[in-house]
Amino acid sequence: MDLLIAVTLFVLAVFLGVELITKVPPTLHTPLMSGSNAISGITIVGALVAAGADHRTFTTVLGFAAVTLAMINVVGGFMVTHRMLHMFRPKRRREAASDESGGG
Amino acid sequence: MMDDWTTLGYLVSAILFILGLKRLSRPRTAVRGNQFGAAGMLIAVVVTLADNAILSFEWIIAGLVLGTAIGAILAVRVRMTAMPELVALFNGFGGGASVLVAAASFSEAGDLGTDTTRMSAAAALASLIGAVTFTGSLIAFGKLRESLRWSGFAGMRVVSVTGAAAAVVFATLMVIDAQNPLWLWLLVAVGAVLGVLVVSPIGGADMPVVIALLNSLSGLAAVAAGFVLDNSLLIIAGSLVGASGLILTQIMCVAMNRSLPAVMFSPAPSGADGPSADDVYAGKVRSTSPDDVAMLLESAERVAIVPGYGLAVAQAQHAVRDLARRLEERGADVVFGIHPVAGRMPGHMNVLLAEAEISYERLVEMDDINPTFEQTDVTIVIGANDVVNPVARTDPSSPIAGMPILDVDKSNVVVVIKRSLSPGFAGIPNPLFAGENSLMLYGDGREAVVEITKALQQI
């Protein structure tokens, strides 16, 4: 990818991020933070390549550690956000939802 | 190196991240937003695994299984009061992963002799930002758990500045002498030390700012890793997170009336010069009992409850819910006044009260509740201090001068539930406690609220 195109992507995405987040109500600050934190685990993509591209053993081990850390970030982040958001739902809907999922 | 299909798959997941973040910022759509984000991540992982660059899967599967297990266990087990430290921990792992990704691709590229200035510079940024995020988040984790009380040593700033200079030198050497992986590891080491040094002195009420900032940094580390790998998705997703973290950081700073540099580089404000606690409190503080508070509440038509971090420490959210329900059954109007920096991370109080099944429509933001305190019969403050200190409005020389506060002193009666008259994070006495319309109820937040509820039942 051309460097200028990469920089363009970066700058546009920052502006987009600012526009997306500006009006978030305080109620959602914590879930938004943990949800966006899970998205920052996107580095998992790079970790997969490092661990699986048949490099030297040292690189593969680094890749394995990166996959593990990124995956904790991704899975833990999305799950914990889901748990929090679940609590924000009105009670009746929440009970209906847990009935659907077999009481979970 | 990447197929067109992979690039298109990344586009789909970038769109899902954007839609997900948009939905995450509205209460009605937030659950769906989080699912969009998770779907985007799943697509990104599947598309990458299907790409030709992946040749062997043993280590990948091991890492995926191990990471998923650890992440899931932590997420399911955490208590809602411990949420801030878990988010800090996850954040640190994300930063750590970016360091390892940058290190892995940098050392491979060095072997192949494909060093370019651009890649080395990006790898330097990724390792530095990632390492700061990693250790900084671990320190924040320790501080939020209150298992770490260390706040640095004398002359620490000199060490920090030296470290920052060393980081610039190592980063430059990485670009000039890209065949030598030593510079990268030295840079990672310096970054790790800097993360510890920068976050250690910060504590107490400034914690929400730090968490938001580290969140932003973990996104920027992913961006830098994206420049190393020439990967559009890492750049886009990382930038979105970086921007949202910065916005949250700014919101937190505004709520505390502190600038970001002040939070980062100046010690916590101290109230040493102001009036002493004895001057403020002597002979003026009136204490009360749960029974008396119940009598007051019995005739109250409008009650405001203002929670602070003390509510989280005392695990009082369910007791408070019971009290609010009891009051509503008696026909009173009950609202919760939430200060933006109450608690240890942005929105912490909202999460705790939601856990106790208090509808978010009852949680009123500072700007909306402040004009209504004058019509409020009884305001109950639980474990909050600086955010209800009227000195912020009245004394321009105070360390918290100008900080937006909840004007609880304007209500008819203020009941403050607190263990003692000890100062809050700002270290200054609070004239609210000695106010003519104030009553102190000393004790543990949860026990006190339970006692009040019991007494109310007996009336």
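Predicted model: local features only at pLDDT ≥ 70, side-chain atom pairs only at ≥ 80, totals over all residues.
**Exercise 1. Find the residue with positive phi that follows helix H15 of chain B, then say how covered that helix is.**

Step 1. Go past the end of H15(B) to B:Glu357. Its phi is positive, near 65°. Helices here are DSSP runs of H or I with at least four residues, strands are runs of E with at least two, and both are numbered from the N terminus.

Step 2. Residues are numbered from 1 along each chain as its sequence is written, and chains are lettered from A and ligands numbered from 1 in the order in which they are written.

Step 3. Turn to the helix, residues 348-355. A residue is buried if 20 or more other C-beta atoms lie within 10 Å of its own, exposed if 12 or fewer, and partly exposed in between, with C-beta atoms placed from the backbone. By that rule 8 of the 8 residues of H15(B) are buried, and the helix is mostly covered. Among them are B:His348, B:Asn350 and B:Glu355.

**Exercise 2. Classify B:Val169 by its C-beta neighbours.**

Step 1. Locate B:Val169 in helix H6 of chain B, residues 156-176.

Step 2. Count neighbours. B:Val169 has 13 inside 10 Å, so it counts as partly exposed.

Step 3. Check a partner. B:Leu187 is 18 residues away in sequence from B:Val169, and their C-alpha atoms are 8.8 Å apart.

**Exercise 3. Trace the strand pairings of S5 in chain B.**

Step 1. Apply the pairing rule: two strands pair if DSSP finds at least two bridges between them.

Step 2. Take S4(B), residues 378-382. It runs parallel to S5(B), and 5 bridges join the two. B:Thr379 stands opposite B:Val414 of S5(B).

Step 3. Take S6(B), residues 438-442. S5(B) and S6(B) also run parallel, joined by 5 bridges. Here B:Lys418 has B:Tyr442 as its bridge partner.

**Exercise 4. Describe how H2 of chain A packs on H8 of chain B.**

Step 1. Get the geometry. The axes of H2(A), residues 29-39, and H8(B), residues 207-229, come within 9 Å and cross at roughly 20°.

Step 2. Name the arrangement. Angles under 35 degrees count as roughly parallel, over 145 as roughly antiparallel, 65 to 115 as roughly perpendicular and the rest as oblique. H2(A) and H8(B) are therefore roughly parallel to each other.

Step 3. List the contacts. Residues are in contact if their C-beta atoms, placed from the backbone, lie within 7 Å. A:Met33, A:Ser36 and A:Asn37 meet B:Ala212, B:Asn215 and B:Ser218.

**Exercise 5. Size up the contact between chains A and B.**

Step 1. Count both sides. Chain A has 76 residues in contact with 97 residues of chain B.

Step 2. Find the main contributor. H4(A) gives the largest share of the chain A side, 28 residues.

**Exercise 6. Summarise chain B.**

Step 1. Count elements: 18 helices and 6 strands.

Step 2. The C-alpha atoms fill a box of roughly 80 × 50 × 30 Å along the principal axes.

Step 3. Of the 459 residues in chain B, 56% count as buried.

Notes:
Axes fitted to C-alpha atoms, helices over the stretch in contact; angles between N-to-C directions. Contact = placed C-beta atoms within 7 Å.
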